[in-house]
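Here's a quick briefing to read with the viewer open. Grab the model, and let's walk through it topic by topic.

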Amino acid sequence: MSSQAILVLGGTGTVGSRIVRQLSSYHSTTNSPPYHILIASRNGTSSSEEQPQNVRHVSFDWHNADTWSSAFSAFPFPVRSVYLIAPLSLDADRLMTSFVDFARERGARRFVLQSASSVEPGGPAMGKVHSYLRELGTRGELEWAVLRPTWFQQNFANQSNHVKSIREESKIYSATGEGKIPWVAADDIAAVAVRALTNKVPPNTEYLVLGSELLSYGEIAGILTDVLGRKIVHVDLSAEELEQRHQRFGMPEDYSKMMSAMDTAIKFGSENRTNDVILAVTGAAPRKFRDFALSAKDVWETGKKE
Ligand SMILES: NC(=O)c1ccc[n+]([C@@H]2O[C@H](COP(=O)([O-])OP(=O)(O)OC[C@H]3O[C@@H](n4cnc5c(N)ncnc54)[C@H](OP(=O)(O)O)[C@@H]3O)[C@@H](O)[C@H]2O)c1
């Protein structure tokens with residue numbers, strides 16, 4: 001076994017859990033020794049009783065710095081690489097840059113940040129963490145990568161607002177009009193992340209992680225209609241209506257305003273682009289929305305979790 005650990009913050013979430021799964025099997029396809037993996041979340045426990053020896057769960061809360069150190073003593077050797085997923089707050093950059101310093105003092109060398117296609121370096125929240133990593137990287141003080149994925153295909157099966165409206169009303173809501181998005185699969189984001197965390201050569205760059213098909217919410221509704229065998233309709237809201245809808249689902253007001261502003265940007269073409277990053281980094285073509293929808297069908301038919 002290698003004598004270094006990889007810490008995956010948000011390791012039980014949509015992308016983090018896939019990173020953990022892929023890291024757990026990656027060594028067998030690459031002939032490298034198994035990685036030691038730390039899965040961090042507030043819950044800090046495993047849902048399955050059996051855990052391989054090289055995988056540990058640790059309790060970690062961005063908002064409680066007393067919890068930050070446990071990951072660094074979970075294995076008897078250092079954490080060398082860290083995957084960073086932001087908490088759901090607009091002051092995330094302050095916590096995340098403090099944590100980067102905290103981890104560096106304890107021997108961490110490589111940081112891979114999950115940002116978003118819509119967040120430029122220096123922009124709000126993760127954007128500031130992006131520039132921080134780039135700046136320290138330029139000075140040779142750490143190795144870094146920033147993933148900037150577009151909107152996840154999995155949102156339709158993971159986010160309660162979408163699941164509820166598809167199941168109960170046969171509707172999906174947005175304020176994106178006819179705007180198109182290159183929907184990306186969480187498994188593809190994870191595959192890029194695994195390379196960024198483990199490749200011998202440090203990436204020291206950003207990756208705009210986009211799917212290959214440009215689809216509007218109306219076209220997504222069309223695919224869901226085919227897959228589910230019942231008519232699914234896209235309801236095009238105003239930005240204010242979407243904001244209120246997000247708040248009804250428990251989203252903080254400032255965050256809901258940011259989310260509806262993103263939909264308005266999409267309406268005017270901000271996500272109307274694709275690239276070959278997934279193929280170039282992983283060697284595999286991006287997954288298609290229809291395949292995701294077929295695999296998630298049970299969520300919309302029976303309410304089973306994805
Ligand atoms: N969804 C999209 O379309 C999209 C597109 C681009 C970028 N993004 C970005 O992707 C990120 C979300 O990634 P995801 O969807 O993979 O995550 P997710 O499924 O929402 O999971 C969040 C993870 O973080 C943990 N977590 C939540 N609050 C925490 C806290 N205070 N301290 C420590 N851990 C905490 C959760 O576990 P516990 O609850 O147990 O703590 C869970 O493991 C966000 O930064 C978002 O902006 C999303």
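Let's start with Ile-37: its relative accessible area is 0%, and because the cut-off for buried is under 20%, Ile-37 counts as buried. Keep in mind while you look around that this is a predicted model.

**Ile-37 in its strand**

- You'll find Ile-37 in strand S2, which covers residues 36-41.

**The ligand and its shell**

- Which residues come nearest to the ligand? Out of 24 residues around the ligand, the nearest are Thr-12, Thr-14, Arg-42, Gln-114 and Asn-155.
- By residue class, that shell splits into 13 polar, nine nonpolar and two charged residues.
- Thr-14 uses its backbone here: one of its backbone N or O atoms sits 2.8 Å from an oxygen atom of the ligand.
- Phe-152 also has a backbone N or O atom by a ligand oxygen, this time at 2.9 Å.
- Asp-61 brings in its side chain instead, with an N or O atom 3.2 Å from a nitrogen atom of the ligand.
- How much of the ligand's surface does the protein bury? On its own the ligand would expose 930 Å², and the protein buries 77% of that.

- On one pairing, S5 runs parallel to strand S4 (residues 79-85), and five bridges join the two.
- Within that pairing, Tyr-83 stands opposite Val-112 of S5.
- To get from S4 to S5, the chain passes through helix H2 (residues 92-105), making a right-handed β-α-β crossover.
- S5 also pairs with strand S6 (residues 143-149), again parallel and again through five bridges.
- In this second pairing, Val-112 stands opposite Ala-145 of S6.
- Helix H3 (residues 126-138) belongs with S5 and S6 in another β-α-β unit, which is right-handed.

**Arg-110, a charged residue under cover**

- Arg-110 belongs to strand S5, and its relative accessibility is 5%, so it counts as buried.
- What does the side chain of Arg-110 touch? It makes a polar contact of 2.9 Å with the side chain of Glu-143.

- Ala-125 isn't a glycine, yet its phi is positive, at about 50 degrees.
- Ala-125 sits in the loop between S5 and H3, and at a relative accessible area of 8% Ala-125 is buried.
- Asn-204 is another residue other than glycine with a positive phi, near 45 degrees.
- Look for Asn-204 in the loop between helix H6 (186-198) and strand S9 (205-209).

- Phe-75 is part of the loop between strand S3 (55-59) and S4, and with a relative accessibility of 6% Phe-75 is buried.
- From Phe-75 to Arg-56 is 19 residues in sequence and 8.5 Å in space, C-alpha to C-alpha.
- Ser-260 is in helix H9, residues 253-267, and its relative accessible area of 2% makes Ser-260 buried.
- The side chain of Ser-260 has a polar atom 3.3 Å from the backbone oxygen of Lys-257.

Methods:
Residues are numbered from 1 along each chain as its sequence is written. This is a predicted model: local features need pLDDT of at least 70, side-chain atom pairs count only at pLDDT 80 or more; totals for chains, interfaces and linings use all residues. Side-chain values use heavy atoms; hydrogens and water are left out. A residue is near a molecule or strand if one of its heavy atoms lies within 4 Å of it. A polar contact is a pair of N or O atoms within 3.5 Å; within protein, one must be able to donate a hydrogen and the other to accept it, and residues adjacent in sequence count only if both atoms are side-chain atoms. Accessible areas come from the Shrake-Rupley method with a 1.4 Å probe; for residues, only the protein chains shown count as cover. Ala, Val, Leu, Ile, Met, Phe, Trp, Tyr, Cys and Pro count as nonpolar, Asp, Glu, Lys and Arg as charged, and the others, Gly among them, as polar. Two strands pair if DSSP finds at least two bridges between them. Helices (H or I, at least four residues) and strands (E, at least two) are DSSP runs, numbered from the N terminus. A crossover is right-handed if, with the strands pointing away from the viewer, the path from the first strand over the helix to the second runs clockwise. Buried means under 20% relative accessible area, exposed over 50%, partly exposed in between (1.4 Å probe, protein chains only).
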